[in-house]
Amino acid sequence: MNQDQNFEVLSPEAVPETAARLKSEGYRMVQICAITMEGASELVYSFDKDQKLLNLKVTVPFGTPVKSITPSYWAAFVYENEIHDLFDVEFTDSELDYKGNFFRVSTKTPWKGPEAKGAE
């Protein structure tokens, strides 16, 4: 089985247009994941076509909203709401926004990172 992967760096502003283009080219959305970095979250959007993964790496400074890809990939609402609740990344124009109530967590945005907690 061929497991080719490609990574592209993308700005937060380019995410929705790129997702729409990939959808029109026949890509399926595989996942969106997040990690905390110093002063930012990094999102990795993964798409598949013909068993080849295309990964889009997006650095999102704390407090910067990202436009939702749910108009192109409706199922992205699950990932976007999870990332919002756990990492405090705001997604705008979502087709289904739980407004911070997707998960019940004991600590607000627990995976945003300790250095970000004092910056709020």
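This is a predicted model: local features need pLDDT of at least 70, side-chain atom pairs count only at pLDDT 80 or more; totals for chains, interfaces and linings use all residues.

The protein is built from three helices and six strands, and along the sequence they come in the order β-α-β-β-β-β-α-β-α.

**Overall picture**
- Of the 120 residues in the protein, 38% are buried.
- Take the contacts between residues at least 6 apart in sequence: 52% of them join residues at least 24 apart.

**The cavity**
- The count of cavities of 30 Å³ or more comes to one.
- The largest cavity has a volume of about 30 Å³.
- Its lining takes in Val 60, Pro 61, Phe 62, Gly 63 and Thr 64, along with Phe 87, Asp 88 and Val 89, plus Ser 41.
- Sorted by class, that lining has five nonpolar residues, three polar ones and one charged one.

**A look at Ser 72**
- You'll find Ser 72 in the loop between strand 5 (66–67) and helix 2 (76–87).
- Is Ser 72 buried or exposed? Its relative accessibility is 18%, and the cut-off for buried is under 20%, so Ser 72 counts as buried.
- Setting aside neighbours within four places in sequence, Ser 72 is in contact with Ala 19, Ala 20 and Lys 23.

Key. Residues are numbered from 1 along each chain as its sequence is written. Side-chain values use heavy atoms; hydrogens and water are left out. Helices (H or I, at least four residues) and strands (E, at least two) are DSSP runs, numbered from the N terminus. Buried means under 20% relative accessible area, exposed over 50%, partly exposed in between (1.4 Å probe, protein chains only). Contact means heavy atoms within 4.5 Å. On a 1 Å grid over the protein atoms alone, a cavity is a set of points where a 1.4 Å probe fits but cannot get out, and a pocket is an open set with protein on both sides within 12 Å along at least five of seven lines; lining residues have an atom within 4 Å of a point. Grid points are joined across faces, edges and corners, and a volume is the space filled by probe spheres set on the points. Ala, Val, Leu, Ile, Met, Phe, Trp, Tyr, Cys and Pro count as nonpolar, Asp, Glu, Lys and Arg as charged, and the others, Gly among them, as polar.
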